[in-house]
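Hi,

Here is the structure I said I would pass on. Have a look first, and my notes follow below.

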Amino acid sequence: MPSIRRSKRLLLLLIPIVLFLIFLTLGHYEKLPPQISPEWSFLSLGNKFNYSYLGSNNTNSVFPVMSTYEELGFQLVPEDVKFQYINKMGKKGSPKDILKINMDKYKSLMDQEIHEPKDFDMETIRPPQDPKSYDHASATIVSLVRGAEAAALGKSIVQFEKKFNSKFLYPYTFINDVPFTDSFKERMRKYSLAPMNFVTIPAELWDKPESIDEAKERKAMDILASKDVSYAKKASYHNMCRFYSGNFYQLEEMKKYKYYWRIEPGVKFYSDINYDIFKYLEGTQKIYGFTINLYDIDESVETLWPETLKYLNSEDNYKYVNVNGAFQWILENQQLPKKNRVTGGYSTCHFWSNFEIGDMDFFRGEAYTNWFKFLDSTGKFYYERWGDAPVHSLGLALFADKKDIHWFRDIGYWHDPYANCPNSKGTLDCEKGLFSRWDNLNDQNCMATWVDDAIENPEKIY
Ligand code: GDP
Ligand code: MN
């Protein structure tokens, strides 16, 4: 029977093909890094979680990596997520020696002459002829401020307008927990031709949640205050930190925008900026920009890292961690090792959030939102004094790709007592390379650790 013979032949042909395919599949599994379960990889490649805000190539990078926990310094396994500092640069010595190494590195970075970023065609984002009819990016300048700070904020805005915003006229969003007075509004309008919106925060986004146990809070704050933690007993400061950590981007008036640039009363801007900062972020797909990078008061964030680890190790939250996160920056323990001892392993390095330029879609995304909700549920914006700066920074270090976080080296900036003062032609009135006006605060600088972890080639961007 010819037809049976044909199907036998077909079967004989199929067997080696099937065997070959099985062999290929097994080979592929072998190539998976041992610390990342196959389930994790497929989950992240599937549609269960939307990674699009992380930009391109995030998930692909999982596959070629072949390293151990000891080599990588992290492990993303369900209910067994862990991190360790691996001293990539092989720095050796006492904290004093390390400080010297890191300060020298900072100095050599700051000695370098700074131009505009090189990773985007700046000619396409120059100031328009007429900023009023300009096609703006979806962005606002935001300032949470008290009415009594009008004069100090005015000074900052005058500089900000001169250096940047008069060329673009991005709108301002002023935010307050109580309504702004008419005289405040009139005064602000004198400083800029840009549109201005004055927003009163709804109580549910600002006030201390009812779930906070006030007796427990008082006791905890007495202890923090006895350790000289600034603002420990200032109730409004805790509200402010919680608001900026998790709620500002949920205000109706902020939901209109994708990007924000935060400014504060009393800050200074030293550099002439001749390109659209927001379109630079948009064009490069970066999600966050900073100028100053420093250590925090460890007692204020004593359990922020352990609580975060608890979160990452529950349910399938491990899947939110970005394999290209800035883990080593948040784990560093050589310059100020006491920080890590107090915080259960967090260096306390953070972006100083009084200056920040960011993409709110990152904060509104599933990864950051779920984590913030968990943090809020611990009550520790009140039982400790978690700041919005370490919270933003940990979120970014864990859930974003470090290549999408940008040090605006070209923007000279001051918030007492620290500065970013670049060696550039367009920078005036600050001392080039100065980090703090107090020498004894130089050990608070965490920039070298950031560069070591996150910027492969600092000359490439500037
Ligand atoms: P520091 O930089 O950590 O010392 O804190 P600031 O006192 O500068 O506060 C950070 C920002 O939040 C500033 O822009 C303040 O104007 C603002 N801020 C702090 N507390 C309050 C508050 O209770 N109400 C309002 N409306 N703004 C606040
Ligand atoms: Mn401030």
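How do the residues of the shell around ligand 1 divide into nonpolar, polar and charged? They come out as 5 nonpolar, 4 polar and 4 charged (Ala, Val, Leu, Ile, Met, Phe, Trp, Tyr, Cys and Pro count as nonpolar, Asp, Glu, Lys and Arg as charged, and the others, Gly among them, as polar).

Before going on: this is a predicted model, where local features need pLDDT of at least 70 and side-chain atom pairs count only at pLDDT 80 or more, while totals for chains, interfaces and linings use all residues. Residues are numbered from 1 along each chain as its sequence is written, and chains are lettered from A and ligands numbered from 1 in the order in which they are written.

Back to the ligand. Ligand 1 is surrounded by 13 residues, and the closest are Val 145, Asn 176, Ser 236, Met 240 and Glu 264 (a residue counts as near if its C-beta atom, placed from the backbone, lies within 6 Å). Strand S3 (139-144) and helix H9 (235-247) are the elements that give two or more residues to this shell, and H9 gives the most, with 3. Helices (H or I, at least four residues) and strands (E, at least two) are DSSP runs, numbered from the N terminus.

Next, a helix pair. The axes of H5 (residues 150-163) and H6 (residues 182-191) come within 9 Å and cross at roughly 20 degrees; axes are lines fitted to C-alpha atoms, for helices over the stretch in contact, with angles from 0 to 180 degrees between N-to-C directions. The two are therefore roughly parallel (angles under 35 degrees count as that). On the H5 side the contact is made by Ala 150, Gly 154, Ile 157, Val 158 and Glu 161, and on the H6 side by Phe 184, Arg 187 and Tyr 191; contact means C-beta atoms, placed from the backbone, within 7 Å. That contact has 5 nonpolar, 1 polar and 2 charged residues.

Two backbone spots are worth a look. In the loop between H8 and H9, Asp 228 has a positive phi of about 65 degrees although it is not a glycine. Further along, the peptide bond from Asp 416 to Pro 417 is cis, with omega near 5 degrees, and Pro 417 lies in the loop between strand S13 (413-415) and strand S14 (418-420). For background, most residues other than glycine have a negative phi, and most peptide bonds are trans.

Cheers

Methods: Angles under 35 degrees count as roughly parallel, over 145 as roughly antiparallel, 65 to 115 as roughly perpendicular and the rest as oblique. Two residues are in contact if their C-beta atoms, placed from the backbone, lie within 7 Å.
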